[in-house]
Each structure stands twice: as structure tokens, then as C-alpha cells.
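I opened the model today to look up a handful of residues, helices and strands. My notes follow in the order I took them.

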Amino acid sequence: MITPPHPLPIHAPMTQFAIDNGQLLIGGIPLTQLAARVGQMPFYAYDRALLQARVAELRAILPASIKLHYAMKANPMPALVGWMAGLVDGIDVASAGELKVALDAGAKPKEISFAGPGKRRGELRQSVAAGVLINLESFREVNELAAISQELELPARVAVRVNPDFELKSSGMKMGGGPKQFGVDAEQVPQLLAEIARAGLQFEGFHLFPGSQNLKAESICEAQQKSYALALRLAASTPSPVRFLNLGGGFGIPYFPGEQRLDLTLIGESLTQIAARAAVDMPEAELVIELGRFLVGEAGIYVTQIVDRKISRGQTYLVVDGGLNHHLSASGNFGQVIRKNYPVAIGNRMNTGVKECVSVVGPLCTPLDLLADRMELPVSQTGDFVVIFQSGAYGASASPHGFLGHPAPIEILV
Ligand SMILES: *Cc1c(COP(=O)(O)O)cnc(C)c1O
């Protein structure tokens with residue numbers, strides 16, 4: 001008996017964008033028309049309706065008492081942050097630069113929180129003046145804030161970012177557990193709480209963020225349950241009741257062959273359970289989850305145009321007008337250990353049946369500038385549009401635009 005070959009892993013279907021007449025539609029506009037409207041290649045396009053649908057999908061599984069925050073480092077484009085500010089319950093920023101964008105976008109200071117290691121004195125001062133919640137990550141920050149609060153005659157609003165004593169299992173990026181530059185080790189938190197009280201800062205609660213890009217609902221639920229238990233233990237040492245508890249996020253999206261979308265049902269059930277317990281254990285606490293990539297990643301595409309087609313010793317190359325300078329993560333150079341292809345399409349030939357094996361490369365003089373390595377794509381010509389899906393998060397702002405001196409990409413919200 002011959003066993004059939006094991007099916008090759010494939011990309012999760014990118015059905016979030018509709019197709020009409022062979023054209024990918026973004027916000028209902030055919031790609032070729034949209035490119036003409038933008039007037040310059042390459043560009044990122046983000047779809048408002050998809051952002052809205054994603055928030056609605058989450059709201060449907062979350063208990064009403066859980067607040068949803070957008071971690072804007074995933075995509076800080078001002079128009080997009082403005083759109084998100086109207087959809088979610090708060091914005092999480094990681095620098096004074098992001099704080100400005102969030103305030104300009106209309107987010108209320110009460111609903112903004114600021115986390116990140118190495119907050120500079122100036123950034124802390126701006127945050128106190130703005131009245132946003134500061135997630136403390138060191139003893140130094142307590143001392144700085146004590147002086148700033150006195151100077152500005154405004155008590156700093158603070159939460160403690162805890163480096164937990166556990167890890168988020170099967171996470172793309174671990175940001176808690178073991179030695180970390182993020183937060184304060186759980187063991188040291190009681191001492192930090194005592195210093196917060198002594199310094200007269202306004203204590204509000206805890207922030208835990210164990211990791212990022214996780215596709216296993218069970219691991220996320222486990223981390224949330226453990227985060228809750230840890231926060232409850234630490235609540236015994238707080239100078240005032242816990243009013244704010246950020247349980248983190250880490251919800252992933254499928255990028256690579258074989259990956260599947262996260263199962264939200266389980267997460268909804270687990271958070272419902274936590275919310276019910278919190279209503280008894282910490283009745284004054286507002287529960288928050290903070291998501292970046294999951295909210296915006298699938299709503300964005302990066303669009304390039306084919307400049308050249310070359311065949312080198314039997315291998316076909318599509319040379320496009322942008323690459324790792326605009327989209328570092330799709331090139332595999334933003335945290336991946338083994339390079340894998342993002343989902344890619346020829347956006348103006350979505351119905352073409354005849355395929356060929358091609359590699360898509362950018363215009364940079366380095367072999368690292370690879371957007372697709374030997375993929376089956378519809379037969380294409382120069383002038384066609386190569387689209388990289390799953391590009392709404394950690395795309396434009398997470399790429400080295402200055403490298404090789406090409407123009408920066410345009411970003412549009414459609
Ligand atoms: C980066 C970051 C996020 C967002 O992570 P995603 O994987 O994009 O959801 C949330 N919170 C904190 C503290 C972060 O550093």
C-alpha cells in the first residue's frame with residue numbers, strides 16, 4: 001500500500017478581503033483603482049470596516065465588564081489610532097511620542113496607560129501632566145515620580161507592572177517570567193508598594209503582560225488565570241484597593257503555513273470566570289486586556305509593484321519596489337528564528353488559475369531582502385501588484401525606512 005504524501009502545511013485563508021473581477025477589494029475599492037488613488041508605490045492600506053469587525057468579534061465573546069485596550073505600538077498611524085480610539089475602551093502607549101498621538105486622537109487621559117522600560121524623566125513628567133496611568137517598571141521611577149508629583153502638584157497615577165513568576169507557554173515572544181527588563185519581579189512588588197505609599201503616589205492597580213503572538217487559547221487562558229491569582233496575592237500588600245487590573249493579551253494571528261486562527265470561545269469562557277471571581281475578590285477593580293496585533297494585524301496589507309521579472313538558473317524572481325526597508329517582519333528579520341513566508345497574493349490577479357513558482361524580492365542590495373521564497377503564485381507581469389497580507393501590525397513603523405535611501409512607504413486608512 002502506498003501512503004499518500006503528507007499534505008504540505010498551507011496558509012490560513014485570507015478571506016477577510018473580498019474579491020471582485022480578479023481584484024482584491026480594500027474598503028470596497030479594487031486594488032488597481034486604490035493604487036491610482038494613492039499615486040505612489042509602495043503603500044500600506046488598512047481597512048476600517050475590518051478593524052471595526054474585529055473589535056465587534058471580541059466584544060461578542062468578552063464579558064461586558066472587561067475593558068478592551070489597544071496597544072498602539074502595533075500600529076501607531078495617527079488616523080488609525082483615531083479610528084481605534086472610537087472603538088476600544090483605552091489606548092496603551094509605550095513612549096511620549098505615542099502618548100502625543102493617543103491624546104491627539106481623542107483618547108481620554110483617564111483611559112490611557114503608559115508602559116515600557118526606561119521611561120525618561122521627561123516622559124514621566126509629560127505623563128503626570130497629562131493625567132495618564134503610568135505602569136511602573138522600576139524603583140527609580142517611583143523616586144522620579146515623587147519629585148515630579150511635588151513639582152507639578154499633581155499626584156502621579158500609577159499601576160505596578162509585575163514580572164510574573166511564570167511564563168506564557170508557546171508564545172512567539174516571551175515578555176515575562178524569569179529575568180526580564182520588563183516590570184518588577186513579583187517577589188519585589190510588596191517592597192515597591194510600600195515605597196509608592198511613602199512617596200504619596202496614587203496607586204491604582206497591576207499590569208501583567210507575559211507575552212505576545214500566541215495562537216494557543218489554552219496557554220492564554222492559563223496565563224490569565226495565573227496572572228489573576230498573582231494579582232490577588234499581591235493585593236494583600238497594596239496601599240489602597242485595586243481599581244485597575246490589566247491581565248495583558250498576547251493574542252496571535254496566523255502568519256505562516258500551518259498556523260490557524262485563535263479560538264476565542266475558550267478565552268471568552270475563561271475571562272467570564274475571572275470577571276465573576278474579581279467581582280467578589282476585588283469589587284472596585286476594572287479588568288482590562290490589551291491587544292495590539294490581534295486588533296489590527298489582519299486588517300492591513302502592504303502593496304508593492306513588480307518592477308522586474310528575472311530568471312536566474314531556472315529560478316524566477318519578481319523584483320518589487322519595496323522590501324525589508326518597509327516591511328522588516330515579512331522579510332523574516334523581525335524576531336523569526338527560521339524564515340517563513342507571509343501569505344502573499346498578486347492583488348490584481350486573484351482569479352488566475354495558472355500558477356508558477358516564484359521568489360519575491362525587494363530592491364535592496366542584500367540577500368535578506370526577500371518577501372516570498374519559492375511560492376506558488378499566479379503568473380504575473382511587471383506592473384502587477386504583489387500584496388503581503390497580515391501587515392496591519394509591526395509593519396511600517398517597525399521597519400528601517402532609511403536603509404538604502406528609498407522613499408518611505410505611504411500609509412492609508414480606507
Ligand atoms: C507590545 C505590547 C503589547 C501588544 O502586543 P501584541 O502582540 O501586539 O498584542 C501589549 N502590551 C504591552 C505591554 C506590550 O509591550
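**His 207**

I started with His 207, which lies in strand S12 (residues 202–208). Helices (H or I, at least four residues) and strands (E, at least two) are DSSP runs here, numbered from the N terminus. The model is predicted, so I kept its limits in mind: local features need pLDDT of at least 70, side-chain atom pairs count only at pLDDT 80 or more, and totals for chains, interfaces and linings use all residues. Residues are numbered from 1 along each chain as its sequence is written, and side-chain values use heavy atoms, with hydrogens and water left out.

Is His 207 buried or exposed? His 207 counts as buried, because its relative accessibility is 1%. Buried means under 20% relative accessible area, exposed over 50%, and partly exposed in between (1.4 Å probe, protein chains only).

I then listed what His 207 touches, not counting residues up to four places away in sequence: Ala 115, Asn 135, Val 160, Arg 161, Val 162, Asn 246 and Glu 290. Contact means heavy atoms within 4.5 Å. With Asn 135 there is also a side-chain to side-chain polar contact, at 3.3 Å. A polar contact is a pair of N or O atoms within 3.5 Å; within protein, one must be able to donate a hydrogen and the other to accept it, and residues adjacent in sequence count only if both atoms are side-chain atoms.

**Strand S8**

Asn 135 took me to strand S8 (residues 133–136). Leu 133 and Asn 135 point one way, Ile 134 and Leu 136 the other way, and all are buried. In a regular strand the side chains alternate between the two faces of the sheet. S8 runs parallel to strand S7 (residues 112–114), and 2 bridges join them. Two strands pair if DSSP finds at least two bridges between them. Opposite Leu 133 I found Ser 113.

**Helix H2**

Next I checked H2 (residues 48–61), a helix of 14 residues. From first C-alpha to last, H2 reaches 21 Å, close to the 20 Å expected at 1.5 Å a residue. The expected span is 1.5 Å times one less than the number of residues.

Which residues of H2 are buried? I noted Leu 50, Leu 51, Arg 54, Val 55 and Leu 58. They sit on the same side of H2, because they cover an arc of only 140° around the axis. The arc is that of the directions from the helix axis to the C-beta atoms. These buried residues pack against several elements, among them strand S5 (66–71), helix H3 (78–85) and helix H9 (264–281). At the start of H2, a side-chain oxygen of Asp 47 comes to within 3.0 Å of the backbone nitrogen of Ala 49.

**Helix H3**

In H3 the buried residues are Leu 80, Val 81 and Met 84. Their arc around the axis is only 100°, so they too lie on the same side of the helix, H3.

**Val 387**

Val 387 is found in strand S21 (residues 385–388). Its relative accessible area is 0%, so Val 387 is buried. Leaving aside neighbours within four places in sequence, I found Val 387 in contact with residues including Leu 24, Leu 31, Tyr 302 and Pro 343. Val 81 is 306 residues apart from Val 387 along the chain, and 23 Å separate their C-alpha atoms.

**Sheet S1-S2-S3**

Leu 24 is the bridge partner of Ile 19 in S2. I looked at the sheet: 3 strands, open, in the order S1-S2-S3, with antiparallel pairing. S1 (19–20) and S3 (29–30) stand at the edges with a single partner strand each, so one side of each has no neighbour in the sheet.

Where is the cis peptide bond? It joins Met 41 and Pro 42, with omega about -15°. Pro 42 is in the loop between helix H1 (31–38) and strand S4 (43–46).

I also noted positive phi in residues other than glycine. Arg 374 has phi near 45°, and lies in strand S20 (residues 370–378). Arg 374 counts as exposed, because its relative accessibility is 55%. Gln 390 has phi near 55°, and is in the loop between S21 and S22. Gln 390 counts as buried, because its relative accessibility is 0%.
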